[in-house]
Amino acid sequence: MKKYSPCIVSVLILVGTLTICLPTQAKRDRNSLRLLYWNIQNGMWDGQSDNYNRFVEWTKAQNPDICIWCEAQSKWKTNTAILMEKQERYLVDNWDVLARRYGHKYIYIGGHHDDFPQVITSKYPIHNKARILGNKSDTLVCHGCGWATVEKNGKTLNFVTVHTWPQRYGYGVKKEDRQRSSEAHEGDYFRRTEMEYILNHTIGLCPHGEKELWMMLGDFNALSPLDNDVYKLPENSSEFLVHNYILKHSPYIDVIKEKHPHQFKPTWADGKQRIDFVYATRPLYNMIKTATVVWDNYTTPVRNSEKTGGFYFWRPADHLPIMMDLDLSIQ
């Protein structure tokens, strides 16, 4: 989900750091693993009009072994912002059918309270570790979270899927109080609470997690201090609360920033913000040969020419995918 106001799409053409799609690998050796992450905006709303054919063909062409999809539930009627009835929605119930079209046999749906779940599809079996929703007293993970494992070549990979609160105002704040809440940065503090809970209930449960193969990825709806050469915000900006917490209180490495230390790789449609992240522990990071944000003829966001129910949606989605190639033989 978007957090910031979109800019005109021409910005996309001017961004100097755009990354061309990785070449597909029709044949890979047994130690290779390709991962694809993407926030596909309301269950790939743009794909409803053609039975997801372009989405399926693009995904097949990338030949991923594992996909992590954010916003993986249908929500709006085709080409509108009119809510579909639950029984009308193709996704999430038919992810098994859709995934088979691009060659994935296994699916996993993370925990979620609302219309914005994360889904993992894979060529290999997926095992649930936890579906994380928060507790019933003081912490809510608004869009839920999934912790699942996939095994290949005797290696166990942990995946934590994330989609934090998207708004400037705090969760549950009434409409008449949202301006005050936004000015107090309550949305930033809520996201930071979500992240602490997610870390404590995933990798934080494992005494030697830093030595294991862990990846946490998704739409964090927050900016990183590692990109502040671009944003030029005060160092203590609440915008950085989420990623400061991860960087200071977990063993995770920011994969895209580590692989491209001197480049800014935006993931949001306006071409100015990086709000989708992949984090990995050092042992898993060492296996990542390439990692990039994918801008190509299909994935480049184009804002819908007309508002639909008061919204300007983007086609095919309002975020960019992230692709990674791993070599599991690396110790």
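This is a predicted model: local features need pLDDT of at least 70, side-chain atom pairs count only at pLDDT 80 or more; totals for chains, interfaces and linings use all residues.
Colleague: Within what arc do the buried residues of α3 fall, seen down its axis?

Modeller: Helix α3 covers residues 53-62, and its buried residues are F55, V56, W58, T59 and Q62. They line one face of the helix, because the arc they fall within is 165 degrees.

Colleague: What covers the buried residues of α3?

Modeller: The buried residues in question are F55, V56, W58, T59 and Q62. Their cover includes β1 (32-39), α2 (41-44), β2 (66-70), α4 (95-101) and β14 (322-327).

Colleague: Which residue just after α3 takes a positive phi?

Modeller: Helix α3 spans residues 53-62. Just after α3, a phi of about 55 degrees is taken by N63.

Colleague: Against which elements do the buried residues of α8 pack?

Modeller: In helix α8 (residues 241-249), V242, H243, Y245 and I246 are buried. Seen down the axis of α8, these fall within an arc of 155 degrees, so they line one face of the helix. The elements they pack against are α6 (186-200), β8 (213-219) and β10 (276-280).

Colleague: Which residues have the most contacts inside the largest nonpolar core?

Modeller: In soluble globular proteins, nonpolar side chains tend to be buried together. The largest nonpolar core here has 33 residues. Leaving out residues up to four places away in sequence, M215 touches L35, N158, F159, V160, Y252, V278, Y279, A280, L284, I288 and M324. The residues with the most contacts inside the core are F159, M215, M324 and L326.

Colleague: How many disulfides are there?

Modeller: A disulfide needs a pair of cysteine sulfur atoms within 2.5 Å. The sulfur of C145 has its closest cysteine sulfur in C70, 11 Å away, which is too far for a bond. The count of disulfides comes to 0.

Colleague: Is C145 buried or exposed?

Modeller: Buried means under 20% relative accessible area. C67, with a relative accessible area of 0%, is buried. The relative accessibility of C145 is 0%, so C145 counts as buried.

Technical notes:
Residues are numbered from 1 along each chain as its sequence is written. Side-chain values use heavy atoms; hydrogens and water are left out. Buried means under 20% relative accessible area, exposed over 50%, partly exposed in between (1.4 Å probe, protein chains only). Helices (H or I, at least four residues) and strands (E, at least two) are DSSP runs, numbered from the N terminus. The arc is that of the directions from the helix axis to the C-beta atoms. Contact means heavy atoms within 4.5 Å. A nonpolar core is a set of buried Ala, Val, Leu, Ile, Met, Phe, Trp, Tyr and Cys residues joined through side-chain atoms within 4.5 Å.
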